[in-house]
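Visitor: Could you walk me through this one? I'd like to start with the charged side chains.

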Amino acid sequence: MTANEEQTMELEALRSIYEGDDCFKELSPASFQYRVGNLGDPKAFLLEISWPDMYPELPPNISLNAFFNNSISSSIKQNIIAKLQEQVEANLGTAMVYTLFEWAKENQEDLMENHQPVVGAVTISMTQNTVTSHTSVAKKKKKEQLSKSQKKKLADKTDNRGQLPRGWNWVDVIKAYRYSLSKTGSKDDE
């Protein structure tokens, strides 16, 4: 069996096994992501595996460089990749993506036992977003500025409480009605 045939068979198997699984994502026919752990879990990580052309004869490429993993220190990432590479060497020559994902799920606690979340760049960007959202709210609350003549016209139309008197726009309605009758004719003309 050629490498392409084995890749096609493994691809079909992965699609059927992980169908409906929110943790699994097929990025391309030769690249996959699997979230090990739940979304809110601080020890969760996103494992990305991609195939070279001669996979499974050559080992797959394993990466933890997704944005989801920014809170994981580089030493923990290197440790996870090293332990996964051991599994790759044991399974070289066979379809192994499912095996690697399942091994990572089963050993998540051991892989992340020394994990202390890194809060560097993520916190800074969240702070900048908060500042940005506060300034945009302040801009939305800004009232429309009226000119002196607009204020005078508004004061002439309103009473002492700032409300328009009842029926203030009736004249406009009557004018519009008369205009439309003059164009179409009145009922008496028929």
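Guide: A salt bridge here is a side-chain nitrogen of Lys or Arg within 4 Å of a carboxyl oxygen of Asp or Glu. This is a predicted model, so local features need pLDDT of at least 70 and side-chain atom pairs count only at pLDDT 80 or more, while totals for chains, interfaces and linings use all residues. Residues are numbered from 1 along each chain as its sequence is written, and side-chain values use heavy atoms, with hydrogens and water left out.

Visitor: How many salt bridges does a search of the whole structure find?

Guide: The search finds two. In one of them, Glu-26 and Arg-15 meet at 2.7 Å, N to O. Glu-26 lies in strand β1 and Arg-15 in helix α1, so the pair ties together parts that are 11 residues apart in sequence; helices (H or I, at least four residues) and strands (E, at least two) are DSSP runs, numbered from the N terminus.

Visitor: Is Glu-102 buried or exposed?

Guide: Glu-102 is buried, at 15% relative accessible area, whereas Lys-105 is partly exposed at 35%. Buried means under 20% relative accessible area, exposed over 50%, and partly exposed in between (1.4 Å probe, protein chains only).

Visitor: Switching topic, which residues do ring pairs link into a cluster?

Guide: Among them are Trp-51, Tyr-55, Tyr-98 and Phe-101. Rings of Phe, Tyr and Trp (its six-membered ring) pair if their centres lie within 6.5 Å, and planes under 30 degrees apart count as stacked, over 60 as edge-to-face and the rest as tilted.
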